[in-house]
Amino acid sequence: MEPIKTRTADAFKMSLEAGELVIEFGNVVGPGQTPGPTAVAITDRVILPLDTGRRLVHSLEDCLKPHAAALRAEEAKALPSSEAAVAARPGRAPVRPPPEAAGERAAELLRMVGDLGIPHHYERSFKICRQALLANRFLLTVDAGNIPGNPGERTLEICDRLHMPGAAREAATANFAMAKCVHFGFEADDDSIICKLYLERAVPGEEAQRARARGEPTLLGLAFKWDLVKDAAVTTRYLWRPGLSAAEIETRLAFVYRDGPRASFEVARAVFDLTRGRAAAEQLQYLEVEEAENARGSFDLNLYNAKLQVKDMQQLLHRMREHFGVHPGQMQALYDQIKTKALGHLAGGVHRNGEDFFNIYYGLVGLPHFHGGFR
Amino acid sequence: MSGAHRFEYATAYDPSLNYCLWEYSPAAPAEDKFRSINLLLQSFDHAGIDGRAFEIVEAIREEIGAFRTVFGIKLLGNRLAWEFYFYDYARRRREVSITRVLSAVRPFLACDVPVNENLPYFMFSLDLDAELASGRRPLDVVHMYIGNPGSTVSSGIAYAVRAEGTWLENFYFFFDGHSQLDEAAAKICSSAHFDDTRRLVDEVLVPELCDCRTICVANKQTHDCVYFSGVDVDQLLVFLKRLGYPWPIIAFVQDNRANLDHLLFDVGFDYRMEGGALTVLKSGYYGVF
């Protein structure tokens, strides 16, 4: 073992990457008096599991408590004298830059689901669409039967903290009884912070067989999605087409992309091709997705049974990147971190304006540990 | 999946490292351009090497992390071969050990070379060629590099470690490319393999390559070698053409010049005098993955 080196740092950046907290420490370079972003020379990068991160927050708060007054006084020096006296008063919120709203909301959701004290799944994803790669997305899944107390009330308490709109709340309440699994979703980019509640049914075997026999879909779940920034909300219906053969899945993909770019259909089909010889098509859950509020047509193909890794679709990720005009370095930075994660779902589709997208889900992990029970 | 399908692109966080894993300032903005590993992947494609070569690269990187392995692409006669170099200057407190890397590549490369991790080596290297990659023969040598205390310039000694024993291979001497050019020339001329009364030292200290960061001169058992560290993409092209690399290798660099112009490369060639002429025995260019 190398001896521990002691280094000082006066700057840090924290991010959530591939299900872990990444903290970069460094030092501000130069006097920092010139306009524009401050330069920081990064010296260390530390990766923490979320649970360790939570303990770190508590420890930091404990360490800072004795110094709170002095820190407030120091921060107040930068304020106009009229505000300084108020800011330095005990009990006032410390003066600090505006919080990063998306990060705070994501952390809040992680904390609230963690506080349920039950096993849950954590799954990351990224969305790729025209000139954008959005990696700040995740899904938390719990078995509704494990939620302590009144599962519906506890679930909606979490949604209330995330400012779920009234209409969506009413619909979720009315449909909660159908839920075998509850998924809490989060995604954010520069313009939006979207929270999601999914209610997933356990479709009875006979119902699935009936749907298969008739060649019709059956409702697997509902999702309520609301944007904290844009004040918009949608309700999404997930329709499962049980037991589709490989040819039938290809036919359905062709239907989804009937008005969309051929290149994306080819990529979706090529991802599906990766599963050949690894899992029977009938073992891959194929869903189609409807939203009453818009004409988006999309699909979701669960690939976990094929036991692929993200790196197995490296070439197809290149094709997606080129199709959507995403910067190669941006995609590479994400790919480096997730390439050995299990490949989970491929979702994709076409908006009414003809623009399309893919969502790739990966690296499902059980927290605090997974003991089976769902999926 | 071919090498081209595995191409990688520089991110905003990529370090710029030379063949000693010393950091340098990139020659141009790097983000979105090629990582140097693409040279390695393209050479695999050109050589038509067994697909296990790609898996060996991945296995090494997964074991010790990214940007910790130097690769060399070598031309021996008309055949390509490769070498991977590993550095850990912590010596006996090393994290990147021969044992660790051999363990990572064992599914692909059988190796019965005994390793003494108590030795103060700071670097080692493993060979790769078409036969090794396909599993047709085992890896029978590990090259181990040890410091050379007492030398007035930065220096190292290489040994070949085999199941049968350990043999002295090479001595390396490093010179600053700008301030120590004369010393490098003197070192080249102080050799049993080079007669500076019959050949100009410029044949070794190639003027087009001398504008670089570091020059290394090596004395090997049957010949000498010179390395130019920190040459730009145009100098790399000069090197590849001068040393007679296959046209697809040259064309790849030429066609992707704009994607490679942020990188500094390391190049070198082995030589000796034969019948009054300077003969190049092998050559190589280097990058990092």
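1. Chain A and chain B meet in a contact to which chain B gives 15 residues and chain A gives 10 residues. The model is predicted. On the side of chain B that touches chain A, the classes are seven nonpolar, six charged and two polar residues.

2. Within chain A, the domain assignment gives two parts: domain 1 covers 11–97 and domain 2 covers 104–367. Their contact draws on five residues from domain 1 of chain A and 10 residues from domain 2 of chain A. By class, the domain 1 side that touches domain 2 of chain A holds three nonpolar residues, one polar and one charged.

3. Chain A also has an open sheet of three strands, in the order β1-β2-β3, and the pairing is antiparallel. The edge strands are β1 (11–17) and β3 (40–49) of chain A, each of which pairs on one side only. From one strand to the next, the twist averages 20°.

4. Strand β2 of chain A spans residues 20–28. Its pairing with β3(A) is antiparallel and runs over nine bridges. In general, strands of a sheet pair through backbone hydrogen bonds, in either a parallel or an antiparallel sense.

5. One facing pair can be named for the β3(A) side of the sheet: V28(A) stands opposite V40(A), which lies in β3(A).

How values were computed
Residues numbered from 1 in each chain as written. Chains lettered and ligands numbered in written order. Predicted model: local features only at pLDDT ≥ 70, side-chain atom pairs only at ≥ 80, totals over all residues. Pairing = 2+ DSSP bridges. Helix = DSSP H or I, 4+ residues; strand = E, 2+ residues; numbered from the N terminus. Axes fitted to C-alpha atoms, helices over the stretch in contact; angles between N-to-C directions. Contact = placed C-beta atoms within 7 Å. Nonpolar A, V, L, I, M, F, W, Y, C, P; charged D, E, K, R; others polar. Domains from an automatic or database assignment.
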